[in-house]
Amino acid sequence: MADELVLYTNPQSRGRIARWMLEEIGQPYRTEIVEYGTTMKAEPYLSINPMGKVPALRHGDAVVTETAAICAYLADAFPQAGLAPPPGDRLRAPYYRWLFFCAGPVEAATSNKVLGFVVPPERERMIGYGRFDLVIDTLERAIAKSDYLVGGKFGAADVYVGAQLGFGMMFGTLEKRPAFEAYWQRVSIRPAYGRAKALDEAQAPKRPA
Ligand SMILES: N[C@@H](CCC(=O)N[C@@H](CS)C(=O)NCC(=O)O)C(=O)O
């Protein structure tokens, strides 16, 4: 179908963020579950995402991968949901800033931290995120300034940044700071997040009793 929205995901993945965004948008979509190590690493899925990773979104014949890009794409494709400032608006500055900051420096810094890699001080100037502490302090300052990241209003940047923070604290890749916890509480009470979580949990493999 020309305008069909299909989310390729695994219920235990970052696909939860894309699903949350789809639930915020409120358009009909279908989900295809891709399994780790098997269908995720084989055709036909590799033609959708040669990285063999989830999530991916197909909208008609357009494909978008990368969770932050999926959030941004959906916000623009369905502007009636009011989840991003319109193109050209000055609020695009903080919108792009925090989406890209989280998908780039925050993600890289937290991944390296988990692996125990510390950037030697003399190499900080050539590493995009520089220093872990500075990245996390900068993020904290951004979210402590206002209830939401862009124009004081909930939007796609809060879906992505909020989920990265919430999941990071849940999995212990990010320390719990009062500002992070307050922000996560604020954004995770969204009914759309509750629906995404429930849908994922219903599709996750059942643990043996
Ligand atoms: N940069 C990607 C990361 C996607 C990613 O790493 N997804 C994980 C699940 S959370 C995955 O598919 N891992 C499977 C694998 O690499 O085999 C994004 O933001 O969407």
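User: What makes Tyr96 and Phe100 sit about one helical turn apart?

Analyst: This is a predicted model. Tyr96 and Phe100 both belong to helix α4 (residues 92–114) and are four residues apart in it, so about one helical turn separates them.

User: How many aromatic pairs are counted, and why is the pair of Tyr96 and Phe100 called edge-to-face?

Analyst: The count is ten aromatic pairs. The ring centres of Tyr96 and Phe100 are 5.9 Å apart, and the cut-off for a pair is within 6.5 Å. Their planes stand at 85°, and over 60 degrees counts as edge-to-face. Both conditions hold, so the pair is edge-to-face.

User: Are Tyr96 and Phe100 buried, partly exposed or exposed?

Analyst: Tyr96 has 40% relative accessibility and counts as partly exposed. Phe100, at 58%, counts as exposed, because the cut-off for that word is over 50%.

User: Which residues form a cluster through ring pairs, and what lies over the face of Phe154?

Analyst: The cluster consists of Trp20, Tyr148, Phe154, Phe167, Trp184 and Tyr193, linked by ring pairs. Arg190 lies over the face of Phe154, 3.8 Å from the ring centre.

User: What makes helix α1 largely enclosed by the rest of the structure?

Analyst: Helix α1 covers residues 15–25, and eleven of its eleven residues are buried, so the rest of the structure largely encloses it. Among these buried residues are Arg16, Arg19, Glu23 and Glu24, as well as Trp20. Just after α1, Gly26 has a positive phi of about 80°.

User: How do you know that Arg58 and Glu4 form a salt bridge?

Analyst: Their closest N and O atoms are 3.5 Å apart, and the cut-off is within 4 Å, so the pair qualifies. Arg58 lies in strand β3 and Glu4 in the segment before β1 (5–9), so the bridge ties together parts 54 residues apart in sequence. Both Arg58 and Glu4 are buried. The count for the model comes to 14 salt bridges.

User: Which residues form salt bridges with Arg177?

Analyst: One of them is Glu140, at 2.5 Å from N to O. That pair links distant parts of the chain, since Glu140 is in helix α5 and Arg177 in the loop between α6 (156–171) and α7 (178–188), 37 residues apart. Glu175 also forms a salt bridge with Arg177, with the closest N and O atoms 2.9 Å apart. Both distances fall within 4 Å, so both pairs qualify.

User: Why is Arg177 called buried, and what are Glu140 and Glu175 called?

Analyst: Arg177 is at 14% relative accessibility, and buried means under 20%, so the word applies. Glu140 at 23% counts as partly exposed, and so does Glu175 at 41%. Elsewhere, salt bridges that share partners join Glu4, Arg30, Glu32 and Arg58 into one network.

User: How do you know that strands β3 and β4 pair?

Analyst: Four bridges join β3 (residues 56–59) to β4 (residues 62–65); a pair needs at least two, so these strands pair. The two run antiparallel. Ala56 has Thr65 of β4 as its bridge partner. Two residues lie between the strands of this hairpin, where Gly60 takes a positive phi near 65°.

User: What makes the phi of Glu66 worth a note?

Analyst: Most residues other than glycine have a negative phi. Glu66 has a positive phi near 75° and is a residue other than glycine. Glu66 is in the loop between β4 and α3 (67–77) and is exposed at 52% relative accessible area.

User: Which peptide bonds are cis?

Analyst: One joins Glu43 and Pro44, with omega about 5°; Pro44 lies in the loop between β2 (30–33) and α2 (45–48). Another runs from Val54 to Pro55, with omega near 5°; Pro55 lies in the loop between α2 and β3.

User: Which residues form a nonpolar patch on the surface, and why is Leu115 called exposed?

Analyst: Val114, Leu115 and Phe117 form the patch, with about 340 Å² of accessible area together. Leu115 lies in the loop between α4 and α5 (132–144). Its relative accessible area is 71%, and exposed means over 50%, so Leu115 is exposed.

Methods. Residues are numbered from 1 along each chain as its sequence is written. This is a predicted model: local features need pLDDT of at least 70, side-chain atom pairs count only at pLDDT 80 or more; totals for chains, interfaces and linings use all residues. Side-chain values use heavy atoms; hydrogens and water are left out. Rings of Phe, Tyr and Trp (its six-membered ring) pair if their centres lie within 6.5 Å; planes under 30 degrees apart count as stacked, over 60 as edge-to-face and the rest as tilted. Buried means under 20% relative accessible area, exposed over 50%, partly exposed in between (1.4 Å probe, protein chains only). A charge sits over a ring if NZ of Lys or CZ of Arg is within 6 Å of the ring centre and within 35 degrees of the ring normal. Patches are made of residues with over 30% relative accessible area and no salt bridge: like charges are joined within 9 Å, nonpolar side chains (Val, Leu, Ile, Met, Phe, Trp, Tyr) within 5 Å. Accessible areas come from the Shrake-Rupley method with a 1.4 Å probe; for residues, only the protein chains shown count as cover. A salt bridge is a side-chain nitrogen of Lys or Arg within 4 Å of a carboxyl oxygen of Asp or Glu.
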